[in-house]
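Please read the following walk through the structure with the sequence and the coordinates side by side.

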Amino acid sequence: MNAITEIAAAPVLDVRGLHLGFESNGRRHKLVNDVSFALGPGRMLALVGESGSGKTMTALSILRLLPDPPVRILEGAVCFDGTDLTRLGPDALRGVRGGGVAMIFQEPQSALNPVMSIGRQLREAVSAHEKLPRKALDARVRELLELVRMPDPDRIVHEFPHRLSGGMRQRVLIAIAMAGRPRVLIADEPTTALDVTVQREILDMLAGLQDLFGVAILLITHDLGLVADYADDVAVMYAGRIVEHGPAADVLGDPLHPYTRGLLGARPGLVPSAGGRRPRLVEIKGAVPSDLDAVEGCPFSPRCPLAGEQCRLRAPELLVARDGHLVSCFKQAAET
Amino acid sequence: MRAAGGFWTRYRRNRPAVAGLAIVLMVVALGLLAPLLYPGDPWSIVGQPFLWPGDPHAPLLGTDVLGRDIASGVLHGARVSLRVGLFSALFAGVIGTIVGSVAGYYAGWVDDVLMRITEAFQTVPSFLTALIIVALFKPSIPTIIAAIAIVSWPGVARLVRAETLRLRGSDFVSACVTFGMSDIRIIITQILPNCLAPLIVMVSVMIASAILIEAGLSFLGLSDPSQLSWGTMIATGRDALRSAWYMSAIPGIAILVTVLGINLVSEGLNDAFNPGLRQRQVAQIPRQTSRQA
Amino acid sequence: MSTALLEVRDLSVVHHKNGHAFRAVDGVSLTLARGETLGLIGESGCGKSSLARAIMGLHRPAAGRILFDGADITARKWRRRGRAVARRLQMIFQDPQQSLNPRITVGRIVEEPLLVHGMRGRGQRRALVKSLLEKVGLAPDAGERLPHEFSGGQRQRIGIARALALTPDLVICDEPVSALDLSVQAQVLNLLADLQDEFKLSYLFISHDLSVVRHMAGRVVVMYLGRIVETGPAALLWDGGRHPYTRALIAAVPGGAVSTSRERRAALGDIPSPVDRPRGCAFHTRCPFKQSICMEVEPPLRGVGDSHAVACHFA
């Protein structure tokens, strides 16, 4: 069971023992292996990992947006406000989508309908959750655009997506996501496709929504800098498992898992190099395993500088190492 | 883009495509064996006219209005059809590829000029044009091949031009430009190999249409008078359609089966070159973000 | 060495979009010394890729000159530049999916530059290809496989091997690690650093990622909407940046704890499209310090210190 004790209130989103996989040529391939985490109301949890870590699949599975077939939820529960989303029928699920839990994606241009005006798309989003007369509807649309700090909202309402920049499109998508007054917002790499100066603004705005509405945010990202600046808690994923989990400042300041350490050491340009010599970045040897089922024991062991015999035999469990800080490693205690 | 081994495995899994391939190979085999199985002139009279297949005195598929062996005609006709089909598709392919790749690679006024020419050839109805060309020149197999090639190359040119335009912007082509590769070399070694898949599919479809055009021309009596073609056989049997419909039906079925077989092979090639959506989804699953490992 | 290895003078590159012509690169000048790593940083629409392609001869500049080791190579393409230049000036591309021909083997891809430059002896070429692939950290049998069998990071390595085949003097790296995961990025950056030491290469290192440029470059050039706004030693990317845009970039780096005074709202709004370049100083639409002169007059690039220049009325 989860031992995240930082959450004062009951978690608004509680993922327990999630296993995802797909079948190909008669064999089953696991993509996500026993993932559990909880999101407290008004908190931001970052799910961090590289390609193949399973973070996007995990995020998609919450609202059951997996490309099914062939990828399916094999086991586990996703509890939103006490209800298990994995067991809901299609109508009930539709109600949750956007209303209780909303999601925004990485590529703003492909998520907006190119032949509909922004205003119309927003009206549709609002109407999916509340029936309002036209005047009230327009007012609500305007309210949403102001919420996402859209410049010149009266003009934007009539514009079409292709006339907007990437940053503005992402704001529209956030507005659409907020239309249903969700309690949880899942943001899958929301700023990866945007310029870095625009990224700041978007994330500041998301953090503002957190403060204003108490909406909990699950941020999927590969960028540890964003985690440091915005997230309350972080869960590091590798090869379909969570390898470390805890408060962001704690995990990034004093990482326990060798993979987390490797990632943090791989970041370039953190401190100016003394004497003009380029520092050597930490390299994690090898590559992410392509077939998650093929690795025995700890999935990181083939690449781990600390790997020992027991690491190759059994996969370690996610256990509490310090207050609120969990790690799945046999060796982390050795390095202090 | 995919190893050869994978390609044939995918092709084999497609039953209709395999059936099509069997049909085509069979037709080719029969055509090749024609002189062995039915030596001599297919025009020669072998027996009584109007003999139905199955008749004890008749050869395997019966005789036509003049007593010629229909089976012999079918097999020798196969040679004509396949020859016309193959060579015209080949010439059209070569001409179209040259025009299309040059137009697509150089763009600008070269592209404009070449495309206007291509459009000029494309806007006239193909069968009619082939007919006119054959009627103007002495009707013979080479003339027919040329005529069909002339009306078919624009389609190839358009395709190759589109692919060339797409590939030209790729970084790997830019890389070759940066280390000094000549244009011709780039077109031949970098661009054309990447056009191969749709090109092969298009050429196979063209073979089928060429066979149909040839059948139409010979039906109208515009084919090589010295060669017995399926179209000619249908024409000959036309007057006896009500009583001895087999005379037209049998060569007609031969055309149908051959064209069907070729079309099945084309579809099979197309599917094998582009693994279907479902497979692509599976392959993409482990990498959902834009970053790469 | 008195002559710079690469010198760009007042270069302009014009692109066409929907019938409108606009300057993707507008009067850019820079120099790169032998053995140096010059970082070129900017976000979308700044013109850095257009600049790189113009230098490589892939796009004809509308104005200006490009000098490589003293020789004028402004003319487009190798034919007029001479094959000798093509040997010494090479490029690494951004997209690992697109930068390799999917239909030919990796060995052949790396061999092609050698073939084009008339290197005789199949055995000799093969041996060189093999050693190059090993040098970039790939298995010896990699040459027989096709590109799709490799991961993104490995494909970048193949691209690097290809760029090195002709033992160039200058390699333009156009966003070489932007499409890669963090841990793979570290491997490739270390590789580029090692190769630079071993082969005495000079790099023009282009990226939108400040952290990466900070790590790799000795001197930097900051571009915005086709113009240079600041240039100087790499230290200016830490805290010495004077131009408001440079400061905005520094403030925008996530997790960056460098500046003591973090102006979080340092750049307001979105980047304008290069087709609609704002009048005067292009950055004025987003600058927190803008004055009326900024909207009218384009600030020139002025020296403000030791090889440090800024294009701002108030820096």
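**Helices, strands and rings**

Seven of the eight residues of helix α9 (residues 230-237) of chain B are buried, and the helix is mostly covered. Buried means under 20% relative accessible area, exposed over 50%, and partly exposed in between, with a 1.4 Å probe and protein chains only. Helices (H or I, at least four residues) and strands (E, at least two) are DSSP runs, numbered from the N terminus. This is a predicted model, in which local features need pLDDT of at least 70 and side-chain atom pairs count only at pLDDT 80 or more, while totals for chains, interfaces and linings use all residues. Residues are numbered from 1 along each chain as its sequence is written, chains are lettered from A and ligands numbered from 1 in the order in which they are written, and side-chain values use heavy atoms, leaving out hydrogens and water.

The buried residues of α9(B) are B:W230, B:G231, B:T232, B:M233, B:I234, B:A235 and B:G237. They pack against α3 (70-106), α8 (183-219) and α10 (246-273) of chain B, where contact means heavy atoms within 4.5 Å.

Aromatic rings come next. Over all chains, a search of the whole structure finds eleven aromatic pairs; rings of Phe, Tyr and Trp (its six-membered ring) pair if their centres lie within 6.5 Å, and planes under 30 degrees apart count as stacked, over 60 as edge-to-face and the rest as tilted. B:Y105 and B:Y106 form an edge-to-face pair, with 5.2 Å centre to centre and 85° between the planes. B:Y105 counts as buried because its relative accessibility is 3%, whereas B:Y106, at 38%, counts as partly exposed. The pair of B:F121 and B:W153 is tilted, at 5.3 Å centre to centre and 55° between the planes. B:F121 lies in helix α4 (residues 108-123) of chain B and B:W153 in helix α6 (residues 141-168) of chain B, so this pair ties together parts that are 32 residues apart in sequence. B:F121 is partly exposed, with a relative accessible area of 35%, and B:W153 is buried, at 7%.

B:Y105 also has a charge over its face: B:R168 lies there at 5.2 Å from the ring centre. The criterion is NZ of Lys or CZ of Arg within 6 Å of the ring centre and within 35 degrees of the ring normal. In chain C, C:R214 lies over the face of C:W238, at 4.3 Å from the ring centre. In chain A, A:Y238, A:Y259 and A:F300 form one aromatic cluster.

Chain A also holds strand β6 (residues 101-104), covered on both faces: A:V101 and A:M103 are buried on one side, A:A102 and A:I104 on the other. β6(A) pairs in the parallel sense with strand β7 (residues 184-188) of chain A over four bridges; two strands pair if DSSP finds at least two bridges between them. A:M103 has A:I186 in β7(A) as its bridge partner.

Chain C has an open sheet of four strands in the order β2-β1-β4-β5, with antiparallel pairing. β2 (20-32) and β5 (71-72) of chain C stand at the edges with a single partner strand each, so one side of each lacks a neighbour in the sheet. Two bridges join β5(C) to strand β4 (residues 63-68) of chain C, and C:L67 stands opposite C:D72. Helix α1 (residues 48-55) of chain C packs on the sheet, touching β1 (6-17), β2 and β4 of chain C, and its direction makes about 115° with that of β1(C); axes are lines fitted to C-alpha atoms, for helices over the stretch in contact, and angles run from 0 to 180 degrees between N-to-C directions.
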